[in-house]
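Hello,

Please have a look at it first, and then read on.

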Amino acid sequence: MSDDHVYLSLAEGHDDSDARWAFGTGFEDPLHGVDQSVPEGTDTAQLAAYCLALGDDALVSAQRLAQWCTAAPELEEEVALANIGLDLLGQTRLLYARAGQVDGTGRGEDAYAYFRDADAFRNVRLAELPNGDFAFSITRLLVLSSWRLALFERLAVTTSDPVLAAIAAKGVKELAYHRQYAAEWAVRLGDGTEESQRRMRDALAAVAPYVDELFAETGELKAEVLAVLRQVTDAAGLAWPETAPVPGHGRDGDHTEHLVPLLTELQSVARAHPEATW
Amino acid sequence: MTSTGTEASAADRDETRFEEQFDATIAKDQRIEPRDWMPDGYRKTLIRQIAQHAHSEIIGMQPEGDWITRAPSLRRKAILFAKVQDEAGHGLYLYSAAETLGADRAELTEALIEGRQKYSSIFNYPTPTFADVGVIGWFVDGAAICNQVPLCRCSYGPYARAMVRVCKEESFHQRQGFELLLTMMRGTDAQRAMVQDAVDRWWWPSLMMFGPPDDDSPNSARSMAWKIKRHSNDELRQRFVDMTVPQAAKLGVTLPDPELSWNEERGHHDFGTPDWSELQRVIKGDGPRNAERVSRRRAAHEEGAWVREAATAHAAKQAARTKQTEGAAA
C-alpha cells in the first residue's frame, strides 16, 4: 500500500454531483427495478397512512437505540445496537419516501420526521418508552422485532403495493437478525445471575402491558408472535407475564408523555433552521 | 533453585540471537508477529500506543455521538450513526491488536477510566453545534489519517493490518465531514457562520493532534528506529496543513492563522505556532471536557457490569450443562 497514494486521493477535489458515496460502498438501492407507480385501485390515503405508521415505529425505535450510543455495556453491544438502529433508520426513510409518493403531497422523508408534532405520530407506544436498563431495552427489542418480522414476512407476499412489498422483503432479513440478537441476550440475562434474572422479570412486567396494542390491526399475528416470545422466555427460564393491557393506541395518536421530549430532541436543530439544507 | 553460570550464558546467547533476528526483521522492513520474540521496550511501547489509540476511538465516540439524536436530516443521522459505530469497531480491532501483545481489554479499560492511560486530547474539546460534526470529520479525521496511514506500514503486523481498515473508514469519514460542510456553506448565512466558527475553534487543537514539536518529543526517536513510527510529528503536521489549505479554499472558509502562507522555496505552507502550553494543560486533564468524557466512559462501564457478569455466568452454566450431557451420554 502506498501511503502517498492515499494522501493524494484524500486531497482530490470533491465532485459535487456525487452524493451517493455518503451511503457507503456497496450500497444497493433496495427499490432498484421496482415499479414505483401506485397500483390502480389502491386506497392511497390508507396506504400512505400505513407506511407512515410503520415508518414512525422504526424512527422512534432508532432514536431510542441511538440513545444507547456510548452507554452500552460492552463495545460489541455498541456496534450491534447501532447496527439495529441503522437498519430501522433505513426502513424509516424508505417508508416515508413511499408515503410521500402515495399521499400526493410529494413530501420528502425529512418533512415527516422533523416537521410533524407528536400528535401526528402513529407509532406504537412501546417504541417510545424510555430505554430503562439493558434488560428493558432488550425485552422491548425482542417484542418489537418479533412482531415486525412476522408483519413484514406477511407484507412481503400479501401487500398489493410492490414498493411496500420490496421494503418489507428487505426488512425481513434485518429483523431476523434483530430478533436473534435480542433473543440471545434475553436468554443470557434470564439464565445469568440473580440480578440479571430479576431485571429481566421486571422488564417483562413493564413491557407486557404494551404488547396487546401491537395486534390491534393484525390480530391474526398475535398467536404466532406470542409463541415466539414464550419460546424465548422458556429458554431463558422466565415466564411470559399475563398482565392487563394499558388502554389506548399509539396508532390513534394516543401517546405516553415520553414521545414529546423524544421528538423535541430529534427535531431541535432542523426546526431551529427551517430554511437550511443539510 | 540456583542457575549455574553455564545456563545463564546460554540464555544470554539465545537472547542475543533473538535480538539479532528481531533487528534483521526490522531492517528488512518485514513484520513482527505476535509469537515472535521482541524486546520488552518494543512490546511496552506498542501496548501503550495501541491502547491509547483504542481509547481515543472509544472516547472519540462521545463528542459526535451527542449529535446522532439531533442530526437535522435523516440522511445526516444515518451517516453520523454509522460513523460513530465505525469508531466502536476501530476500538475493537485496536484492543484486539493490543491483546495479541498480552494486554487485556478489561485491564486497559480500567486504566482508561482510572486515568492511568491517555487518549487523544482533541476529544476534550466541546461540540456546541452541528457544524462541529463536519469539522471533526474534515480536520480531526484528516489529521488522524495523516498520522495513521504510515502506521499501515508499522513493523508490528496486527497493528499495521488493523490500520489498513481503519484508514479506509477514516478516509470515508473525512469525505463525509467535508461534504456536510460544503452543503452547509451553500445554505443559509447562519449555517455558513456556524461552519466558520467551528473551523476557528478546531484548527489549532487539530494541529496539536500530531504531538509536540520534534525537538520536544522524547519517545519519537526510538519508535522511529523500531519502525513503529515512520514520520516525525512536524513532518506529519506539515502534510496535514498542505492537504487542508486547498480544501479550505474550496470550501470558502478562513483558517484562523495570519501567518499561513505558501512558501515557494520550501514547497510547503508556512504556518504559525500552536499554543503548546494549552496542549500540556489539556493532556494533564485540564481541558474543557476531560472530566466529563472519562466519567461517561466510567458510568457506561460500571452500569454495564451486571450485564457482562450475567453473560459470563450464563456461559459457565452452559458449559457445565454441556459437560453434564456429554457425561451422561458417555
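Below are some notes on chain B as a whole, then on a few helices and residues.

First, the ground rules. This is a predicted model, in which local features need pLDDT of at least 70 and side-chain atom pairs count only at pLDDT 80 or more, while totals for chains, interfaces and linings use all residues. Residues are numbered from 1 along each chain as its sequence is written, chains are lettered from A and ligands numbered from 1 in the order in which they are written, and side-chain values use heavy atoms, with hydrogens and water left out.

Chain B as a whole

Chain B has 13 helices and 2 strands; these are DSSP runs numbered from the N terminus, helices being H or I with at least four residues and strands E with at least two. Its C-alpha atoms fill a box of roughly 75 × 55 × 35 Å along the principal axes. Of the 330 residues in chain B, 53% are buried (buried is under 20% relative accessible area, exposed over 50%, partly exposed in between, with a 1.4 Å probe and protein chains only). Contact means heavy atoms within 4.5 Å. Among contacts in chain B between residues at least 6 apart in sequence, 77% join residues at least 24 apart.

Helix α5 of chain B

This helix covers residues 105-113, and its buried residues are B:R105, B:L108, B:T109, B:A111, B:L112 and B:I113. They pack against α2 (40-59), α4 (74-99) and α12 (290-303) of chain B, and also against α3 (75-102) of chain A. Where α5(B) starts, a side-chain oxygen of B:D104 comes to within 3.2 Å of the backbone nitrogen of B:A106. After α5(B) comes B:G115, with a positive phi near 75°.

In the loop between α4 and α5 of chain B you will find B:T100. B:T100 has a relative accessible area of 30%, so it is partly exposed. It touches B:P34, B:Y156 and B:P158, not counting residues up to four places away in sequence, and its side chain reaches the backbone oxygen of B:A97 at 2.5 Å.

Two helices of chain A

Helix α6 (residues 134-158) and helix α9 (residues 222-235) of chain A pack at an angle of about 140°, with their axes 9 Å apart. The two helices are therefore oblique to each other (under 35 degrees is roughly parallel, over 145 roughly antiparallel, 65 to 115 roughly perpendicular and the rest oblique). From α6(A), A:L142, A:V143, A:S146, A:W147, A:A150 and A:E153 meet A:E224, A:V225, A:V228, A:L229 and A:V232 of α9(A).

Also in α6 of chain A is A:T139, which is buried because its relative accessible area is 1%. A polar atom of its side chain lies 2.7 Å from the backbone oxygen of A:A135. Leaving aside neighbours within four places in sequence, A:T139 is in contact with A:M200, A:A203, A:L204 and A:V207.

A residue that meets the other chain

A:N83 sits in helix α3 of chain A and, at 29% relative accessibility, counts as partly exposed. Not counting residues up to four places away in sequence, A:N83 touches A:Y177 and B:Q85. The side chains of A:N83 and B:Q85 are joined by a polar contact of 3.5 Å (a pair of N or O atoms within 3.5 Å; within protein, one must be able to donate a hydrogen and the other to accept it, and residues adjacent in sequence count only if both atoms are side-chain atoms).

Technical notes
Axes fitted to C-alpha atoms, helices over the stretch in contact; angles between N-to-C directions.
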